Amino acid sequence: MSQSTQTPAPARYTWGGDEFLFVEIAESMSLTANFTANAMATRLSAQAIDGVTDICPANASLLVRFDPDVVPPDQLEALVREAEEEVAQLNEQTLETRIIEIPVWYDDPYTRETGARFRKGHQRPEGTDLDFAAEENGLASPQEFIRRHHESPWLVSMVGFVAGLPFMFQIVPQEEQLEVPKYLSPRTDTPPLTVGHGGCFACIYSVRGAGGYQMFGIAAAPIFDPAQKLADFSDFMIFFKPGDIVKFKPIDEDEYKAIQAEVDAGTFTYRQAPVTFDLQKALADPTAHNRDIMETLNGL
Amino acid sequence: MAFSILEPGLATSVQDQGRLGYYNVGIPQGGAMDQLSASMANALAGNAATDAVLECAYLGPKFTTDADAVIAVTGAPVEVRVNGTTADQWTRLSLTAGDEVSFGMLSGGTRYYIAVQGGIDVPLVLGSRSTYALGALGGFQGRTLKAGDVVPVGPAPTSASRRLDSIPDELRPAYAREVSVRIMPGLYDHRLTAEGMETLVTASWKLTPVADRTGLRYSGPDIEWKPRTQPFGAGSDPSNIVDAGYAIGSIQVPGGKEPIVLHRDAVSGGGYAMVATVISADMDVVARSAPGTVTHFEPVTMEQALTARADAARIRRSVWE
């Protein structure tokens, strides 16, 4: 039986106090678990259930906030279980989404300087987070790690922690996933737009603050814009949505500065194109799947 | 009209009942940490319960009003001064244009609230006036107040405002040095050993100074996790999970040490297993706790949590009836 046709184990339902229902779809991270979380969230949002205030899909789980004075807990659980059942019955597991090019200055001086300040207590006190990440993955050099980081696209599997921060899961077979342990003790500072990595997840820190992910580079353009100055933020102050697909593009200092100037002038827009994410195809032949969706972006 | 801030205090922010509906993108509910006290301040000032107030932590602001105003101060016990003269808390106060309001030292708790008739009139952002400082969003320019700020106050309500002059003693919350907080075990509680859960609900936990609007950390004995082979993507420690959404009020125990209760400015998700959640009725109790407060986590069922919720709602409503 191929991975794609296995019937997933039923999700685990549990309460987070009297206002939160938590649904653990799977203990392990996988594209399938994430697809289920997002598909359930989409269905439940469309139902606009009275008393449900927040529907938060995560990597392999779903958190629903409700007002038990409006929708009793057992009634809510029944509705969410129905959504789970419907998603399990889907014949076609596809998502109409978009691929976005995110320019990143890898091994930049900002994250390098911050990393140097928090070397004490790091798994690898000498060198950089990139050196550590390359070693952890048995790669010859940081450059090799950077290449692996940007050559295959990533699925935004969850948005959160702080406002607009995307968690991303690389669309490659599990044995090719880049895995890097988090900091042993979290940093108290992270530059805004740091591209980080913890476990199997990449992230982009939307705001300056604490963080525990290893730091590899800095994104050139904002992903959270409360003033909604740039065109990409005209509808909403947060750029990423679960299900977005990200292709990192390595840039150098000059390109970084050019993009920053566009951002300051209010003229920057992300390169992006609509694509269909097909779960079965991504699982069966990720190379072909990724080539197809990246061609959409390159064809712009 | 407006308040001119002469001294900002330690962390004075504009808060209301919070901002629901954006937790899925990482924006927490926010709002007054101690909702009951904030609601009572609004009732005294003749506002709606939804109006925005100033939340003060420990060290309060010093400000003047440019017009006659009706205010009320509720929450943690603190000396209120109008033009240097002591005034009452939990009571409707009338100010004259030019009056200066300042505060003495706290004698318990952590946060107190200033409501003004008309409400603090900052723009609604995503449906709320609450300050989300980490995202520089909402409130007064997305931040805590600074000296020199001129904080706008809305027009007094045109409908007959309420004439509640004072909150009766029996309705005022307590600020005890030892509290019981009811929790519902759940989420990832099955990953603790039986002894680990027993420790959580029997130990005396002491609130550490690491306590803010995001979360509060407690010191006490270690809590034991079951050893296990971690699932793919979860991280190496038994207290790690594949990053998931965090319930507000949920309790996590990173590495089996020092439980953290997430509060109204919670980070919306992360990679630490939660093992229980403070029930909605007791979130205000946690909010009122000062560092050093001895805390007992008392396990309850959903049914008990819903009964406590109804009781809390009755008290909250009583000052509006």
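# Exercises on a predicted two-chain model

UniProt, in an unreviewed entry, lists residues 11–230 of chain A as "domain: Carboxyltransferase". UniProt positions follow the numbering used here, feature names are shortened, and annotations may be inferred rather than shown by experiment. The model is predicted: local features need pLDDT of at least 70, side-chain atom pairs count only at pLDDT 80 or more, and totals for chains, interfaces and linings use all residues. Residues are numbered from 1 along each chain as its sequence is written, while chains are lettered from A and ligands numbered from 1 in the order in which they are written.

## Exercise 1: The annotated spans

Step 1. Helices (H or I, at least four residues) and strands (E, at least two) are DSSP runs, numbered from the N terminus.

## Exercise 2: The domains of chain A

Find the domains of chain A and describe their contact.

Step 1. Read the bounds. Domain 1 covers 3–91 and domain 2 covers 96–298. Such bounds come from an automatic or database domain assignment.

Step 2. Taken over C-alpha atoms, the centres of domain 1 and domain 2 of chain A are separated by 27 Å.

Step 3. Count the contact. Domain 1 of chain A gives 12 residues and domain 2 of chain A gives 15 residues. Two residues are in contact if their C-beta atoms, placed from the backbone, lie within 7 Å.

Step 4. Look at the domain 1 side. Helix 1 and strand 3 of chain A each supply at least two residues. Helix 1 of chain A gives the most, with 5 residues. By class, this side has 6 nonpolar, 6 polar and no charged residues. Ala, Val, Leu, Ile, Met, Phe, Trp, Tyr, Cys and Pro count as nonpolar, Asp, Glu, Lys and Arg as charged, and the others, Gly among them, as polar.

## Exercise 3: A sheet in chain A

In what order do the 4 strands of the open sheet in chain A lie?

Step 1. The order is 1-2-4-3, and the pairing is antiparallel. Two strands pair if DSSP finds at least two bridges between them.

Step 2. Find the edges. Strand 1 (12–16) and strand 3 (52–57) of chain A each pair on one side only.

Step 3. Follow one pairing. Strand 2 (residues 20–24) and strand 4 (residues 61–66) of chain A pair over 5 bridges. Leu21(A) has Val64(A) in strand 4 as its bridge partner.

Step 4. Helix 1 (residues 31–47) of chain A lies across strand 3 and strand 4, and runs at about 160 degrees to strand 3. Axes are lines fitted to C-alpha atoms, for helices over the stretch in contact, and angles run from 0 to 180 degrees between N-to-C directions.

## Exercise 4: Where the chains meet

Which strand of chain A gives the most to the side that touches chain B?

Step 1. Count both sides. The contact involves 43 residues of chain A and 42 residues of chain B.

Step 2. List the elements on the chain A side. Strand 1, strand 2, strand 3, strand 4 and strand 6 (154–159) of chain A give two or more residues.

Step 3. Pick the strand. Strand 3 of chain A gives the most, with 4 residues.

Step 4. Sort by class. The chain A side has 25 nonpolar, 12 polar and 6 charged residues.

## Exercise 5: Chain B

Step 1. In the contact, 19 residues of domain 1 of chain B meet 14 residues of domain 2 of chain B. On the domain 1 side, helix 1 (residues 35–45) of chain B has the largest share, 3 residues.
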